[in-house]
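Me: Please guide me through this structure in a few questions and answers.

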Amino acid sequence: MTKLAMEAQSDTGCVREHNEDNFGFDAEMGLAVLADGMGGYKAGEVASAIAITSLVHTVIQIKASEEKIDLNGRPQDESAILYRALSQANQQVYDSAHDDHDCRGMGTTVSAAWFHDNKVSIAHIGDSRIYRYRNYRLELLTTDHTVVQELVDHGFYTQEEARASEQRNIVTRALGIDPTVEIDIYDYDVRVGDIYLLCSDGLTDMVDDMDVANILRRSSTDLKYGAGELVNKALSNGGKDNVTVIIVRVDEGQPKNKSWANRLNEFFSG
Ligand SMILES: [Mn+2]
């Protein structure tokens, strides 16, 4: 059996006026979600906030309703629930963008990790990222939905050229822009000692993978310190964008089993 430790930190950075990143996590639910909004004036932070709230509400509502299912009813698997939750969040951001003139064209990235049964289900749209740090190796579990990544995939760019590109922040896919959205869903096995990092591009544009890995290694017993170190490194390297990180560590132990119906308020009260 495994239990989870989670910590997060977010900062507006040194240049931007608003923090358009949003995040939420709950170690007992095993859920960590991060969103990086885009759009004029305050629209970006509206989009990322709606996406997080909508996603978490849907997940909890489905799990809470399944608690009432008798033995013959089959609960849905977590990746299917994440898919539904993100589709619904997409609809909600899209509708809000059309209802409110100030929010026209807003959208957001979303990266979600849901830990369950010694697995993690990942759902992902945009250029926020999820990494796994295991056996001293940092591995990227998501693929950026960016113009530059497509150029890398087709062999026109190396990763180094991609990092240096002026266009590296142009996303090819975001939540809330169109009535439907293509969502990447993956399942991975989870091992005791694994560390997972969810982060916005404000981290990965400013801090290279080697430094990220070093900070995760040094801070594996103190995630709060680690989250602070990652954000500080992004800021000291220029902090050109909002920066948000969530760190998840998989520990040995018995998870608390709280009822899903009671999770909703607790999730948003922090
Ligand atoms: Mn960003």
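Me: Which residues is Asp36 in contact with, leaving aside its neighbours within four places in sequence?
Reply: This is a predicted model, in which local features need pLDDT of at least 70, side-chain atom pairs count only at pLDDT 80 or more, and totals for chains, interfaces and linings use all residues. Residues are numbered from 1 along each chain as its sequence is written. Two residues are in contact if their C-beta atoms, placed from the backbone, lie within 7 Å. For Asp36 the partners are Glu20, Asp21, Ser48, Thr108, Thr109, Gly126, Ser128, Ser200 and Asp201.

Me: Is Asp36 buried or exposed?
Reply: A residue is buried if 20 or more other C-beta atoms, placed from the backbone, lie within 10 Å of its own, exposed if 12 or fewer, and partly exposed in between. Asp36 has 33 other C-beta atoms within 10 Å, so Asp36 is buried.

Me: What distance separates the C-alpha atoms of Asp36 and Asp21?
Reply: Along the chain, Asp36 and Asp21 are 15 residues apart. Their C-alpha atoms are separated by 4.3 Å.

Me: Which residues outside four places in sequence does Leu55 touch?
Reply: Leu55 is one of the residues that touch the most other members of the largest nonpolar core, which has 74 residues. Such a core is a set of buried Ala, Val, Leu, Ile, Met, Phe, Trp, Tyr and Cys residues joined through C-beta atoms within 7 Å. Beyond four places in sequence, Leu55 touches Val33, Ala85, Leu86, Ala89, Val110 and Ala112.
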